[in-house]
Amino acid sequence: MERQNLGEKFTVKGVILLILLISFLIGLFLLIINIGENKTSPTNEQVHTALENQGFFPSDFTEEYIEEYPDRKIVSVIGHRKGEMRIEFFELEDSKSARTIYSIIDQIIIDARGNDRRADRRTSMQSYAIHTYYVDDKNYWLARIDNTVIYGFCYDDDYEKLLTVMTELGYTD
């Protein structure tokens, strides 16, 4: 049996086809990862119901936030605050404003927790982003879908309730 020289098998055309095939497969893989299901933003009514289902008392914080952030295109803010438990849902005029509010809240929480990055997890795809972390028995959850943002924090005792609200509203992976 005759041995072939490997150098003869590689042609410029063959190398270009191989590169194109690899690029196509990588592109297809990235497309599949990023397609996922589009998440749908919950309504204010759905947020009210989800909070009440967990024994929380929804309040309207819209005016408070409009005063603090008058140029951020805030439509409404509803949530629950009691002691060290907080959940607040923001509806904004557009996705760009939601990304801005998400970034502002994310930075505030990051600054408050310092350099501790235990149990830090981020997910970002298409029209949504989720950032969760756990520091010193306190759970933080920040998420965005289209033109809405929700964040919450609580100690371990209330975590199941927080997770249930986030799941019911579609702010989970």
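In this predicted model, Lys 73 and Asp 94 form a salt bridge whose closest N and O atoms lie 3.5 Å apart. The pair connects distant parts of the chain: Lys 73 belongs to the loop between helix H4 (62–68) and strand S2 (74–82), while Asp 94 belongs to the loop between S3 and helix H5 (95–113), 21 residues apart. Lys 73 counts as partly exposed, at 40% relative accessibility, and Asp 94 is partly exposed as well, at 26%.

The whole structure contains 6 salt bridges, including those listed below.

| Salt bridge | N to O separation |
|---|---|
| Lys 73 – Asp 94 | 3.5 Å |
| Arg 81 – Glu 88 | 2.4 Å |
| Lys 138 – Glu 84 | 2.6 Å |

Lys 138 is in strand S6 and Glu 84 in the loop between S2 and S3, so this bridge ties together parts 54 residues apart in sequence. Lys 138 is buried, with a relative accessible area of 11%, whereas Glu 84 is partly exposed at 41%. A network of salt bridges links Arg 81 and Glu 88 with Glu 64 and Arg 86.

Helix H6 (residues 159–169) has buried residues Leu 162, Val 165, Met 166 and Leu 169. Viewed down the helix axis, the buried residues of H6 fall within an arc of 95°, so they line one face. Their cover includes helix H3 (44–53) and strands S3 (85–92), S6 (138–145) and S7 (148–155). Just after H6, Gly 170 adopts a positive phi of about 90°.

Phe 24, located in helix H2 (residues 12–35), counts as exposed at 52% relative accessibility.

Definitions and conventions: Residues are numbered from 1 along each chain as its sequence is written. This is a predicted model: local features need pLDDT of at least 70, side-chain atom pairs count only at pLDDT 80 or more; totals for chains, interfaces and linings use all residues. Side-chain values use heavy atoms; hydrogens and water are left out. Buried means under 20% relative accessible area, exposed over 50%, partly exposed in between (1.4 Å probe, protein chains only). Helices (H or I, at least four residues) and strands (E, at least two) are DSSP runs, numbered from the N terminus. The arc is that of the directions from the helix axis to the C-beta atoms. Contact means heavy atoms within 4.5 Å. A salt bridge is a side-chain nitrogen of Lys or Arg within 4 Å of a carboxyl oxygen of Asp or Glu.
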